[in-house]
Amino acid sequence: MGFTIRFTVTPKQWRFVHRITSGEPVPAEPFLYVTTWLAALFVLGLSDWAMPDIGLCHPSLVTAWTILMLSSPLQAGIAWGLITYGRGRLRVFGMWQRLGGNVGLFLGLLAFVLARLWRYGFSVPDAALFGVTMVFGVAAYTSFLVLRDITALLLLERVTTELHDVGV
């Protein structure tokens, strides 16, 4: 008498498991959007200091930073889903939304780093040095995402113009 174990895995689930275990690059953008949005929530809701460094530059910058850091990751995350799972015009709309979300995220992260440098100069205390360096690295990565989005939209515009000229 034989013993058989039967797994019921849909093809979509199998593709996800294969992507994670195959060594292919895992998309970093969804993780970036979720973690920056959660970090902004933590800073604004659970922290008692509520971005005094940005407030030292100008009080209205705290409001701008709050809006950028709460809306941009959501916008870019939704756009990532539209691009990944959408078709046609929905995908193009997602590309424009992702560009806007990545620009907002870049500006919010850059404002955080510049506010820290404004407050401490280049002698950032040891307790904040690691965080400032990490946020600067994430801001640099986000700037590459912005350049990628601009390049993709320019290429899309060129292709659609050529198709329009040909009459397709």
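Author: A residue is called buried when its relative accessible area is under 20%, exposed when over 50%, and partly exposed in between, using a 1.4 Å probe and protein chains only. The model is predicted, so local features need pLDDT of at least 70 and side-chain atom pairs count only at pLDDT 80 or more, whereas totals for chains, interfaces and linings use all residues. Residues are numbered from 1 along each chain as its sequence is written, and side-chain values use heavy atoms, with hydrogens and water left out.

A polar atom of its side chain lies 2.7 Å from the backbone oxygen of Val138. Beyond its neighbours within four places in sequence, Thr142 is in contact (heavy atoms within 4.5 Å) with Leu32, Asn102, Leu105, Phe106 and Leu109.

Among these partners, Leu32, Leu105 and Leu109 are also listed with the most contacts inside the largest nonpolar core, which has 15 residues. Such a core is a set of buried Ala, Val, Leu, Ile, Met, Phe, Trp, Tyr and Cys residues joined through side-chain atoms within 4.5 Å. Helices α2 (29–46), α4 (59–85), α5 (89–120) and α6 (126–166) each supply at least two of its residues. A second, separate core of 5 residues includes Met95, Leu99, Val146 and Leu153. In soluble globular proteins, nonpolar side chains tend to be buried together.

Notes. Helices (H or I, at least four residues) and strands (E, at least two) are DSSP runs, numbered from the N terminus. A polar contact is a pair of N or O atoms within 3.5 Å; within protein, one must be able to donate a hydrogen and the other to accept it, and residues adjacent in sequence count only if both atoms are side-chain atoms.
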